[in-house]
Amino acid sequence: MVTFGPDEVELADKSPCAGVRADLKMCLLNSSCCKEDKKTPRECLKDGLVPDECFQLRQSFFECKRSLLDNRRRFRGHKGY
């Protein structure tokens, strides 16, 4: 998982789900499916050839995007980081 410390470079994207998106992207690109088989991340997710961590990040990204549309969440804050 990619995490950025206070003294490291920040993400250029400041949207609410940018951190989860960046972690998901890096997880998919570092998987053996993308590196060795030269498939796109979308094909790897569709075929189920990625580690469980990537599927968990995909679910977290989905929940984060879903919380943006949920009016009950606007007081509690967005899910994700």
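Among contacts in the protein chain between residues at least 6 apart in sequence, 47% join residues at least 24 apart (contact means heavy atoms within 4.5 Å). This is a predicted model, where local features need pLDDT of at least 70 and side-chain atom pairs count only at pLDDT 80 or more, while totals for chains, interfaces and linings use all residues. Residues are numbered from 1 along each chain as its sequence is written, and side-chain values use heavy atoms, with hydrogens and water left out.

**Overall picture**

- The protein chain has four helices and zero strands, in the order α-α-α-α along the sequence; helices (H or I, at least four residues) and strands (E, at least two) are DSSP runs, numbered from the N terminus.
- Of the 81 residues, 25% are buried, where buried means under 20% relative accessible area, exposed over 50%, and partly exposed in between (1.4 Å probe, protein chains only).
- About 6200 Å² of the chain is accessible surface, and carbon and sulfur atoms account for 53% of that; the areas come from the Shrake-Rupley method with a 1.4 Å probe, and for residues only the protein chains shown count as cover.

**The disulfides**

- Three disulfides turn up in a search of the whole structure, each defined as a pair of cysteine sulfur atoms within 2.5 Å.
- Cys-17 and Cys-64 are bonded, with their sulfur atoms 2.0 Å apart. This pair links distant parts of the chain, with Cys-17 in the segment before H1 and Cys-64 in helix H4 (residues 52-69), 47 residues apart.
- Cys-27 is joined to Cys-54, S to S 1.9 Å. Here helix H1 holds Cys-27 and helix H4 holds Cys-54, 27 residues apart, and both cysteines are buried.
- Cys-33 pairs with Cys-44 at an S to S distance of 2.0 Å. Helix H2 carries Cys-33 and helix H3 (residues 41-47) carries Cys-44, 11 residues apart.
- The torsion about the S-S bond of Cys-33 and Cys-44 is about -90°, so this disulfide is left-handed.
- With the bonded cysteines numbered in sequence order, the pairing reads 1-6, 2-5, 3-4.

- Cys-34 is buried, at 11% relative accessibility.

**A look at Ser-31**

- Ser-31 sits in the loop between helix H1 (18-29) and helix H2 (32-36), and is buried with a relative accessible area of 4%.
- The Ser-31 side chain reaches the backbone oxygen of Leu-28 at 2.7 Å.
- Beyond its neighbours within four places in sequence, Ser-31 is in contact with Val-50 and Pro-51.

Note on methods: Polar contact = N/O pair within 3.5 Å; in protein donor to acceptor, adjacent residues only side chain to side chain.
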